[in-house]
Amino acid sequence: MREVLAQAAFQLFLERGFERTTVDDIVARAGVGRRSFFRYFPSKEDVVFPDHERCLAEMTEFLAAVDDGDPVGAVCDAARIVLRMYAADPEFSVQRYRLTREVPGLRTYELSVVRRYEQTLAGHLRGRFGADGDGELRAEVIAASVVAAHNNGLRLWLRSGGAGDPEAAVDHALDLVRDVWERPAEPSPALEKQLDGQLGKPVPAGGISAGSGDNEVIVMVAAKGTPMWRVVQQIEAAVGES
């Protein structure tokens, strides 16, 4: 019945436009009563996204069962569940994408749906990283990165009219996320060259100083868990001494 209602709604949206289509129009086209519509969809906007609740439930179930060893990889794989949902019905997905571009209210609704996916991913990561220190911040930033990467690849495919393989663009975008978050931070080659031979010198107030004059670079080193006020104090001291 959900599919019947969704198909009837989209036929009318394409014929008349979203704003000029009413719930009464949809149930008349589907051959059911208003009570049947509201049993499945709280509003006319919800019928545009009939599969997101199921997809969100599948994502939650997947994350609850994954191994803890690779949390970033796990949330990337969870995002691919959403991709497969779109790819399962390219024609419908492209129609929905075009419709949401035309109707501001649907775009707002879609953003609220995306936010629910992001919160689900962040919740999983918080459970792995903890809520202390930067754990919560790291969880939020990685979840936002995964959603942004997924949506970038997905929309490239949708804008093409559903041509080609949607997984290729999304995999490429998610690989970039993993490259950033699964490796330790490293200084740039230029900074490494500038620091070459400097590591044996005294470190002023927790910093490594390289170069001279206006080109001097200061790299701060702080133990994990150091209070932010202490880091700022060390930066100020290092800059003052340079």
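Alanine 169 lies in helix α9 (residues 166-181); helices are DSSP runs of H or I with at least four residues, numbered from the N terminus. The model is predicted, so local features need pLDDT of at least 70 and side-chain atom pairs count only at pLDDT 80 or more, while totals for chains, interfaces and linings use all residues. Residues are numbered from 1 along each chain as its sequence is written, and side-chain values use heavy atoms, with hydrogens and water left out.

**Alanine 169**
- Alanine 169 has 26% relative accessibility and therefore counts as partly exposed (between buried, under 20% relative accessible area, and exposed, over 50%; 1.4 Å probe, protein chains only).
- Leaving aside neighbours within four places in sequence, alanine 169 is in contact (heavy atoms within 4.5 Å) with Gly153 and Leu156.
- From histidine 150, alanine 169 is 19 residues away in sequence and 8.5 Å away in space, C-alpha to C-alpha.

**Helices α4 and α5**
- Helix α4 (residues 52-65) packs against helix α5 (residues 71-87) at an angle of about 155°, and their axes are 10 Å apart; axes are lines fitted to C-alpha atoms over the stretch in contact, and angles run from 0 to 180 degrees between N-to-C directions.
- α4 and α5 are therefore roughly antiparallel (over 145 degrees).
- The contact involves residues of α4, including Cys55, Met59 and Phe62, and residues of α5, including Val75, Ile81 and Met85.
- Twelve residues of this contact are nonpolar, one is polar and three are charged (Ala, Val, Leu, Ile, Met, Phe, Trp, Tyr, Cys and Pro count as nonpolar, Asp, Glu, Lys and Arg as charged, the others as polar).

**Cysteines**
- Cysteine 55 counts as buried at 1% relative accessibility, and cysteine 76 counts as buried at 0%.
- The whole structure has zero disulfides (pairs of cysteine sulfur atoms within 2.5 Å).

Key. Helices (H or I, at least four residues) and strands (E, at least two) are DSSP runs, numbered from the N terminus. Angles under 35 degrees count as roughly parallel, over 145 as roughly antiparallel, 65 to 115 as roughly perpendicular and the rest as oblique.
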